[in-house]
Amino acid sequence: MPKHGKKYLDAAKKVDSNKLYSVAEAMKLVKETSYANFDATIDVAYNLSVDPKQADQQIRGSIVLPNGTGKTQTVVVFAEGPQAEQAKAAGADFVGSDDLVEKIQGGWLDFDVVVATPMMMAKVGRLGRVLGPKGLMPNPKTGTVTMDIEKAVKNVKAGQVEYRVDRQAAIHTPIGKVSFTEDQLVENFDALRDVILRARPASAKGQYIKSVAVSATFGPGIKLDPLNLD
């Protein structure tokens, strides 16, 4: 069992481990229990009643949070011609083709999101072993493989986050920073909750959302009532 420091233990004392908090209560408490000496990220973790091994239950998508994430995302775009110009105009940090492939193959990974046009995926596919394990591979389901490069880049810059169920049937997604107001965090939480609810597979059985928790970087988890997330 991992040992926690005094700051964590002091923060954990503020959380009733036997209580299921409302959304508003949880957003207030997650700010109060953050003790990092930087503007910590607040994450939400959903545990769902789905089987990720089933193709129709592999929940994945993206959403532009109403209040963004509080983080400046570095965007790489694989595109040529007009789409490359659109990417630059939209604020992409790096735009290219074979030159970017070589740079990434050489070990460069100083970016957060990769966007590509469909025509460029044959080249991007050569980077699968590098980008895949880090969750950076572009995908049509998350809007990062598209002809509308301008929209894709602007969405990422505006605070788009990806959500994806993992092998343990869980989704972990950032919803903001400790510096956000409670109302901003609630709005972001609500937006993510709505898309996860809409993504419920028809074949999913039982209680869809089994558990939900929020936490700040290094901070204790705060459990919410999965049956009352309004």
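**Strands, helices and a threonine**

Modeller: Val76 stands opposite Phe94 in E4. This is a predicted model, in which local features need pLDDT of at least 70, side-chain atom pairs count only at pLDDT 80 or more, and totals for chains, interfaces and linings use all residues. Residues are numbered from 1 along each chain as its sequence is written, and side-chain values use heavy atoms, with hydrogens and water left out.

Biologist: What makes E3 and E4 a pair?

Modeller: Strands pair if DSSP finds at least two bridges between them; strand E3 (residues 75-78) and E4 have 3 bridges, in the parallel sense, and therefore count as a pair.

Biologist: Why is one side of E4 and of E5 left without a neighbour in the sheet?

Modeller: The open sheet has the order E4-E3-E5 with parallel pairing. Strand E4 (94-96) and strand E5 (113-116) stand at its edges, each with a single partner strand, so one side of each has no neighbour there.

Biologist: Why is Thr146 called buried?

Modeller: Buried means under 20% relative accessible area, with exposed over 50% and partly exposed in between (1.4 Å probe, protein chains only); Thr146 has 18%, so the residue is buried. Thr146 is found in the loop between helix H6 (128-131) and H7.

Biologist: Which residues is Thr146 in contact with, leaving aside its neighbours within four places in sequence?

Modeller: Contact means heavy atoms within 4.5 Å, and on that basis Thr146 touches Ala116, Thr117, Pro118 and Ala152.

Methods. Helix = DSSP H or I, 4+ residues; strand = E, 2+ residues; numbered from the N terminus.
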